[in-house]
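Here's a quick briefing to read alongside the model. Have the viewer open and follow along.

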Amino acid sequence: MVEKGMALSGRKKLRSRHWKPKTTGDRVFDAMNYTLLTAITLICFYPLLHILLASVSNPNALMAHSGILLKPLGFTLDGYKLVFKDNSLLVGYKNTIIYVGLGTLINMVMTIMGAFVLSRKDLYFKNFIMILITITMFFGGGLIPWFLLMKDIYLYNNLWAMILPTALSTWNIIILRTSFQALPAELEEAATIDGASQAAILVRVILPLSKATLAVIFLYYLVGNWNSWFNAMVLLKDRELFPLQLLMKEILVANDSTATTIGSAGGVVIDSAQSSTAFRELVKYCAIVVSTVPILVVYPFLQKYFVKGVYVGSIKG
Amino acid sequence: MEIVRKLRNIAPSAKAPKPNPTRKTIKKDLKKNWFVYLLAIPVVAWFLVFCYGPMWGVLIAFKDYKPLLGFAESDWVGFKHFIDFFQGPYFWRVIKNTLLLNVWGIVFGFTAPIILALMLNEIRDGKFKKSVQTITYMPHFISLVVVCGIIHIFTADEGVVTQVLQWITGKDYTSLLGYSSFFRPIYTFSGIWQNIGWDSIIYLAAMSSIDPALYEAAEIDGIGRIKKMWYITLPQITPIIVILFIFAIGGLMASGYEKIILLYNPLTYDTADVIASYVYRRGLREASLSFSTAVGLFSAVINFALLWATNRVARRTSEVSLW
């Protein structure tokens, strides 16, 4: 990372030394480049803005409106009130927090253990373990055998069904192992001479020096766990166990047999069938905002680590 | 006595290391690295249970598996399920859809982030560059369920995308997800929307490590920006493009089912139903467990063959390869 930064600033310096006045071609190029990039950015951003604006709009005005929104149509927080009054969504929120908290903790512990094992140089069974893990990147049993196995080992319709099957990601082990291996060997040798045990070396030397990579894989696991829904759909039966995303699927994607229940069952008095449909639409927007904001809030704080993470993952895949 | 003692002394020491030197090394290794092995146990156990466990389960593809009878009691049927799949009405449909969806992905989805990275690389204004990056990365973090929810909203009768399309073509459309001809564009372009920024990171990282002397030399020679892009930047990031391209080609017959089952419906099965979604529907919805395992195994074999073949071609032609 440091090298990269230096290369960047070095290039800037070199360029400015030889900086020539812009030609017409350059100006045209720049103008087009800026325009196109602005357009791409607006297209990426607009859907998010649309959802946000719609979520505070008057539901009936929203139903009547079609096309682009540039400001909210009226202003109401009724949709949010409905969302927060809906018990099933709150339970889903609670479940998601439990699954994400416990799941990510187990993810990190297991990944650190795996990466530490694979980063040892003098391990007799290291190659065996490495091959065992690498094979799983190319071969798998497939969905159905996996599902049958989960049922057989009682990872069905309970908390652990949401935690254990996703406890590890091979890719993240490899990323973290690469980062462990990149640490200078002298540090560890010095610690060993000082009489530190292997456990102490891991906790006191290796982990503190790998904070950036740990942050990256923490983010990957966190986002992955927060957004996960398929395992829940396949492995959970009781609605009280459903995570937020599975409830979101029921609210937003109605191409399945399950219909949405929220909105009509809320505490707000709904006059007519027309406004009930309107409210149901409004609730969709509010539910999107409520379920997405936590992840988008975390994201800017961790953005600086992304590049490093992607980079590390790519050089030693 | 002396001789005997000598013999005794020699005998074991000559004997012991010779027949089992490995056992001794292992013992030493276990003693020294017991803590590492202690950590390895849960990790290895996890891989054995959750990755290798289902691999054994693949055998039900050759059986007529009935959950009530259990694995051992169910009858062996050989390749019956494979033949059923090859001769079934949906074989060509799911093959064609899987291939075409991935071809769309490679033509549009694979090139888009490269183009974005090339464009961003030409921006000198750090603030502008940074804001473009921040905003284009954002959709990557939105959950698939919510992204598909947004797609449903935007392509509904009165949705923004539907409205824009009506305005451009002058035709009337109802919900776009109901037309099988729109499925591939919706699937592909929503994917680009979600991942263009994120996927460009890797190319930008590769571009930032290009030797500045190359650009300098080109500038002295008076070479224009587009030419520099084409003759310097692009060739310099080719290795990383090749690697990712191998993955993309290797995945031609593989596609995720999560997004598909969130977007398709019986009206669009014609273009939307791929191998993975077919496996999911037949296996978990209609409980044809052995049949869908066979379909899954078939596609896994094809996928690996494809990945292997592309890797070989890449190694021959460009000296860049995965292994």
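Which residue follows H7(A), and what is its phi? That's A:Tyr154, with a positive phi near 60°. This is a predicted model, so local features need pLDDT of at least 70 and side-chain atom pairs count only at pLDDT 80 or more, while totals for chains, interfaces and linings use all residues. Residues are numbered from 1 along each chain as its sequence is written, with chains lettered from A and ligands numbered from 1 in the order in which they are written.

**Helix H7 of chain A**
- Helices here are DSSP runs (H or I, at least four residues), numbered from the N terminus.
- H7(A), residues 143–152, is mostly covered, with seven of its ten residues buried (20 or more other C-beta atoms within 10 Å of a residue's own, C-beta atoms being placed from the backbone).
- The buried ones are A:Leu143, A:Ile144, A:Pro145, A:Trp146, A:Phe147, A:Leu148 and A:Met150.
- They pack against H12 (230–235) of chain A, plus H3 (34–57), H15 (275–285) and H16 (289–318) of chain B.

**H5 against H8 in chain A**
- H5(A) (residues 87–119) and H8(A) (residues 170–181) pack at about 50°, axes 8 Å apart; axes are lines fitted to C-alpha atoms over the stretch in contact, and angles run from 0 to 180 degrees between N-to-C directions.
- The pair is therefore oblique (under 35 degrees is roughly parallel, over 145 roughly antiparallel, 65 to 115 roughly perpendicular, and the rest oblique).
- Their crossing is right-handed (the near helix is turned clockwise from the far one by less than a right angle).
- Sorted by type, the contact residues are seven nonpolar, five polar and one charged (nonpolar: Ala, Val, Leu, Ile, Met, Phe, Trp, Tyr, Cys and Pro; charged: Asp, Glu, Lys and Arg; polar: the others, Gly among them).

**Nonpolar cores**
- The largest core has 106 residues, and A:Phe116 and B:Leu263 have the most contacts inside it (a core is a set of buried Ala, Val, Leu, Ile, Met, Phe, Trp, Tyr and Cys residues joined through C-beta atoms within 7 Å).
- H5(A) gives the most to this core, with nine residues.
- A second, separate core of 20 residues includes B:Val132 and B:Trp193.

**Between the chains**
- 78 residues of chain A are in contact with 74 of chain B.
- H2 of chain A (residues 24–55) gives the most to chain A's side, with 14 residues.
- That side divides into 50 nonpolar, 22 polar and six charged residues.

Notes. Helix = DSSP H or I, 4+ residues; strand = E, 2+ residues; numbered from the N terminus. Buried ≥ 20, exposed ≤ 12 C-beta atoms within 10 Å, placed from the backbone. Contact = placed C-beta atoms within 7 Å.
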